[in-house]
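Me: Hi, I'd like to talk through this model with you. Could you start with how the pieces are labelled?

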Amino acid sequence: MVLDAIRNRRNIREFTDDLVDNEILFQIIEAATWAPNHRNTEPWRFIVLAKNGDMRSKVAKIVHDWTYENVKSPNPERRTNSAREAEQEILDSPSFIYVYSVQGRDEEMTRENYSATSCAIQNLMLTAHSLGLSVGWSTGKPCLAPVDTAIGAEPDWDIVGALYIGYPKDIDSANRTAKRTPVNEITTWV
Ligand SMILES: Cc1cc2nc3c(=O)[nH]c(=O)nc-3n(C[C@H](O)[C@H](O)[C@H](O)COP(=O)(O)O)c2cc1C
């Protein structure tokens, strides 16, 4: 049921060593494309970085170098460790996908496109969950590092996220601690 998937999906970045078949990735990306999108602009773009591929290594190195330069610690050992961890996480992730949103004709359309692409990611995550996978959506280091031209994104595309994807090590414990604010605290009934 959709509601079960919505409630039990968790943002996860710790995976088993099992690989994810390209057919499965195709399936979850196809599900993403059924997201609502105003004016049918279909603004989403996906870039899949193959496990053990040259592009994955290249991006991991870019993120490594960016992290070393930008991590907020004066301690060289900490910087080295943070950079290595960020690099290794990208290399280790069973699947790794960048998601971009194309610009619209004006600011309003660009904003609509970005919203639609976020819906597409939610579709992707729910479908992944229904297939036993988990996704870790990040707008952190892998998106802040200058990866765009290296992976073939157009200069005017907006980056919406980097998705770590794999079979979760322990989704149950993530679900035990997940919580949300009660509806009445975030809703005004007028
Ligand atoms: C736009 C967006 C950006 C996110 N970026 C990060 C991130 O950079 N690092 C991270 O650990 N989680 C990131 N997350 C995941 C959230 O932290 C996560 O969804 C939140 O903690 C709620 O947990 P849940 O998704 O398991 O319910 C992001 C989520 C969204 C929607």
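Reply: Helices (H or I, at least four residues) and strands (E, at least two) are DSSP runs, numbered from the N terminus. Residues are numbered from 1 along each chain as its sequence is written. This is a predicted model, so local features need pLDDT of at least 70 and side-chain atom pairs count only at pLDDT 80 or more, while totals for chains, interfaces and linings use all residues.

Me: Great. What comes after α5?

Reply: G132 follows α5, and its phi is positive, near 90°.

Me: And how many residues does α5 itself have?

Reply: α5 covers residues 107-130, so to speak a run of 24 residues. From first C-alpha to last, α5 reaches 35 Å, close to the 34 Å expected at 1.5 Å a residue. That expected span is 1.5 Å times one less than the number of residues in the helix.

Me: Which residues of α5 are buried?

Reply: The buried residues of α5 are N113, A116, T117, A120, I121, N123, L124, M125, L126, T127, A128 and H129. A residue counts as buried if 20 or more other C-beta atoms lie within 10 Å of its own, exposed if 12 or fewer, and partly exposed in between, with C-beta atoms placed from the backbone.

Me: What do they pack against?

Reply: Helices α1 (2-8) and α2 (22-32), plus strands β1 (44-48), β2 (95-101), β3 (134-138) and β4 (158-166). Contact here is two residues with C-beta atoms, placed from the backbone, within 7 Å.

Me: Now the core. How many residues are in the largest nonpolar one?

Reply: The largest nonpolar core has 33 residues, and V99, L124 and V135 have the most contacts inside it. Elements giving two or more residues to this core are α2, α3 (54-70), α4 (76-92), β2, α5 and β4. α5 gives the most, with seven residues. By nonpolar core I mean a set of buried Ala, Val, Leu, Ile, Met, Phe, Trp, Tyr and Cys residues joined through C-beta atoms within 7 Å.

Me: What does V99 touch?

Reply: Setting aside neighbours within four places in sequence, V99 is in contact with W44, F46, T117, I121, V160, G161 and L163.

Me: OK, on to β2. How many of its residues are buried?

Reply: Seven of seven, so to speak, with β2 mostly covered. On one side S95, I97, V99 and S101 are buried, and on the other F96, Y98 and Y100 are too, which covers both faces of β2.

Me: Which strands pair with it?

Reply: β1 and β2 pair in the antiparallel sense over five bridges, and β2 and β4 pair in the antiparallel sense over seven bridges. Strands count as paired if DSSP finds at least two bridges between them. R45 stands opposite Y100 in β2. Across to β4, I97 faces L163 and F96 faces Y164.

Me: What about β3?

Reply: β3 and β4 run antiparallel and are joined by five bridges. S134 has G166 in β4 as its bridge partner.

Me: Why call β4 largely enclosed?

Reply: Because seven of the nine residues of β4 are buried.

Me: Last one: which residues are around the ligand?

Reply: R10, N11, W137, S138, T139, G140, G161 and A178. Near means that a residue's C-beta atom, placed from the backbone, lies within 6 Å of the molecule or strand. By class, the shell has two nonpolar, five polar and one charged residues. Ala, Val, Leu, Ile, Met, Phe, Trp, Tyr, Cys and Pro count as nonpolar, Asp, Glu, Lys and Arg as charged, and the others, Gly among them, as polar.
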